[in-house]
Amino acid sequence: MDKLVFIVGKGKNAQFYKLDKDVVSVGRALANDIVIADGYVDARQLEINCAENRLKVTLMDYTNPVLVNGRPIENDSHFIALGDEVVVGRTVFSLHRESEVAEPTQKLFMARHLYSGFWRFILPLLALLLVFSCSVLLDVLQTPEKIEWGFILRNAFVFCLVIVVWSGVFGFSGRLIKHQHHFFSQLLIACGFAFLFMMAEPLSEYLGYAFDNETLVLLSFRLMVFMCFTGLLGLMLRLASNLKRSFFVAGGLCTFVLGAFWLFDYYDAEEFTPYANHFSVVKAPIVVFVEPLTIEQYLESVDQLFSEIEANDTDD
Amino acid sequence: MVFRYCLSAFGLLAASDLQAAGGERASELYAAMQNRVFQIRVIDIGSGDKTSIGSGFSIDDKGFLATNHHVVARYIQKPEKYRLEYVDFEGESGAIKLVDTDVVNDLAILECDCKGGPFFVLGEELALQGERIYSMGNPHDLGMTIIEGNFNGYIRTSRYQKILFSGSLNGGMSGGPALDGLGQVIGVNVSKGGEQLSFLVPVEKLKALYKRAKSRTANIDFMEVMRKDLQEDQRLFYEDLIQKPWRVENFVKMKLPDDIHASIKCWGDTDDDPDLRYQYVYQNCETQDSIYIHEDHTTGELVYQYDWLASDELNKIQFFNLLESYFYHMDLDTAYEKEDVTNYACNARFVEIDGMRWRASTCLREYKKLRGLYDLQFVIASLDGDKEAFILSLAAAGIEKKNVEALLKKLMSHIKWIN
């Protein structure tokens with residue numbers, strides 16, 4: 001006979017009970033068949049009758065509402081189906097058949113290299129070396145001034161040190177929270193995003209320059225920074241904590257912190273300045289999608305500046 | 001005495017005699033004229049104390065005094081906060097009112113309750129080059145003084161006509177009279193440029209303002225007077241600049257306008273620092289003087305610069321990063337307060353000139369109290385070469401809309417690359 005399985009909670013922390021009885025009591029008291037350690041659940045909250053292939057829930061307490069798939073039960077008893085999500089207090093449970101087919105196994109990211117053996121240490125260190133090299137290379141390739149190796153190497157070293165310390169902080173947090181530091185995995189993730197972060201500024205500038213659009217530079221740079229930090233923080237939080245929605249939390253944090261910076265920038269730009277701040281990006285014309293203006297067309301764009309001044313002055 | 005003075009004028013006395021003659025003349029002039037020179041004070045109504053001082057002098061028996069615009073500029077900006085006062089040679093003070101101002105030539109006419117007193121005669125003829133002249137004023141509130149110097153003619157490269165006075169004016173003497181040996185006014189003290197290097201406003205400018213002042217009625221909006229004077233001044237200057245053909249000279253591989261106006265002086269150099277990985281040549285041209293509106297706002301400047309960059313050593317990315325570092329607007333050091341100017345509105349566009357691609361940016365801001373006048377910033381950089389590039393930057397303070405467009409059009413159409 002196919003047994004019913006009572007599942008309390010979700011994911012890795014879920015508890016599973018195989019039911020041997022037709023009528024099962026659920027509550028906080030130890031005398032219940034299913035004990036739920038939740039202060040918002042009554043000592044004897046409800047009963048579930050599994051006889052006759054129907055699942056009937058009978059409420060024993062009304063202090064807090066019991067929800068089935070997000071809707072409160074209005075009557076003393078209610079029929080539920082297999083897989084329905086029932087919320088009592090702050091606990092979720094559901095009922096399933098033990099014959100239910102399990103979902104396909106998820107594949108771990110680079111598990112053979114990250115979780116075992118030689119590559120677990122070498123891969124993050126190689127990534128760190130790559131970041132160091134890229135930082136040096138970007139500086140050397142871009143600076144028109146005399147190459148000052150001491151300065152360039154020191155910059156790259158400090159950048160890598162920040163990555164190691166950042167990974168160390170998350171590794172230490174993982175050790176405290178999950179008893180696993182995952183330092184080398186954290187380092188590998190941090191190196192990956194550091195590389196993307198290094199490319200954000202030149203990429204956004206080339207993109208904006210190609211379309212002759214200052215807003216595009218700003219937006220693409222901010223989007224890349226947001227994605228870098230959200231991805232970085234999301235993955236690192238996943239390894240270092242028990243947060244179930246680490247990317248959601250990371251996105252929220254990044255929205256708050258970066259949003260605060262950008263809001264400050266926005267209001268700062270609104271303030272008076274005696275300096276002429278123009279779109280000063282000039283890049284090698286690798287790809288430019290915009291046709292140049294004639295002198296007359298350019299003077300028309302200058303003419304628009306007078307209207308802009310007048311409009312801004314009216315706003316003030 | 002008259003004989004000695006005549007001899008000195010013809011250079012017939014020895015140097016020591018000249019010095020003695022000049023010294024005696026100065027003391028005679030001081031004794032005769034000190035009752036015609038006043039200290040002009042701007043008084044803060046709140047504290048009742050003076051906030052700035054200058055000098056002034058009587059020019060008729062109706063109580064009209066002459067001084068510099070910059071002596072009373074603070075009062076013009078905030079008449080509700082300040083009032084004007086004079087102090088005569090005996091220390092007696094009294095109220096004065098502003099009758100007219102000429103911001104362009106830095107002059108102002110005041111009226112005091114001292115009618116019927118002695119006054120200076122405004123001279124008819126200029127002194128001879130090298131002739132002894134005298135300047136009176138109250139330096140640093142130390143008391144009335146007279147100093148000697150030499151008349152050295154008009155400054156040829158000044159946009160606003162000035163006399164070069166080889167004497168040493170000091171703060172507080174502004175607005176005081178400059179006299180010839182006969183005690184006639186030949187100019188008005190205005191500024192100094194260094195040791196024994198001072199400047200005077202020619203008396204003709206004072207006469208013109210005095211004539212206008214006599215026709216003024218009460219309740220004049222002095223900001224409007226300034227606005228009209230500035231508009232007229234820039235109109236004359238830029239129309240002259242734009243209508244006259246420009247001389248074109250070679251600048252490295254460019255053909256460019258050179259010495260576009262008599263009031264503009266150019267300087268140039270080549271950076272030969274052995275550590276540089278590129279060659280850098282520049283030429284900087286600018287007008288030599290500016291108009292003082294008030295302590296935080298000047299105008300009238302025109303500055304432009306040519307930069308040439310070339311390198312065989314730099315890669316394409318490095319070279320364009322170098323070009324980017326030169327693609328900036330000059331710091332037009334004229335106004336820093338939001339009460340005076342709006343924020344800059346800027347653009348940046350690709351432009352085709354003479355078959356080549358350029359990157360151009362223009363920034364403009366308007367004067368808030370002097371509507372219709374703008375500060376212009378312009379920079380343009382060549383993009384077609386990855387080994388050589390040219391950048392032109394220009395800044396003009398206090399220019400009208402139609403002149404902005406005409407100036408930029410003429411400037412861009414004069415840029416030629418020599419193949």
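Q: How many residues of chain B are in contact with chain A, and how many of chain A with chain B?
A: In this predicted model, 58 residues of chain B contact 46 residues of chain A. Each has heavy atoms within 4.5 Å of the other chain.

Q: What area do chain B and chain A bury between them, and which residues of chain B lose the most?
A: About 4600 Å² is buried between the two chains, 62% of it on carbon and sulfur atoms. On the chain B side, B:Glu324, B:Asn343 and B:Phe350 lose the most area to chain A, together 14% of what that side buries.

Q: Why is the pair B:Glu324 and A:Lys283 called a salt bridge?
A: The closest N and O atoms of B:Glu324 and A:Lys283 are 3.7 Å apart. The cut-off is 4 Å between a Lys or Arg side-chain nitrogen and an Asp or Glu carboxyl oxygen, so the pair qualifies. The count between chain B and chain A is four salt bridges.

Q: Which elements of chain B give two or more residues to the side that touches chain A?
A: They are α6 (316-326), β20 (345-353), β21 (356-366), β22 (374-382) and α7 (401-413) of chain B. By class, that side has 29 nonpolar, 11 polar and 18 charged residues.

Q: What makes a residue of chain B count as buried, and what share does?
A: The residue must have under 20% relative accessible area. Of the 419 residues in chain B, 56% are buried. Chain B still exposes about 17500 Å², with carbon and sulfur atoms supplying 49% of it.

Q: How many helices and strands are there in chain B?
A: Chain B has seven helices and 24 strands.

Key
Residues numbered from 1 in each chain as written. Chains lettered and ligands numbered in written order. Predicted model: local features only at pLDDT ≥ 70, side-chain atom pairs only at ≥ 80, totals over all residues. Heavy atoms only, no water. Buried area = accessible area lost by both parts, 1.4 Å probe. Helix = DSSP H or I, 4+ residues; strand = E, 2+ residues; numbered from the N terminus. Nonpolar A, V, L, I, M, F, W, Y, C, P; charged D, E, K, R; others polar. Buried < 20%, exposed > 50% of the residue type's maximum accessible area, 1.4 Å probe, protein only. Areas by Shrake-Rupley, 256 points an atom, 1.4 Å probe, with all protein chains shown as cover.
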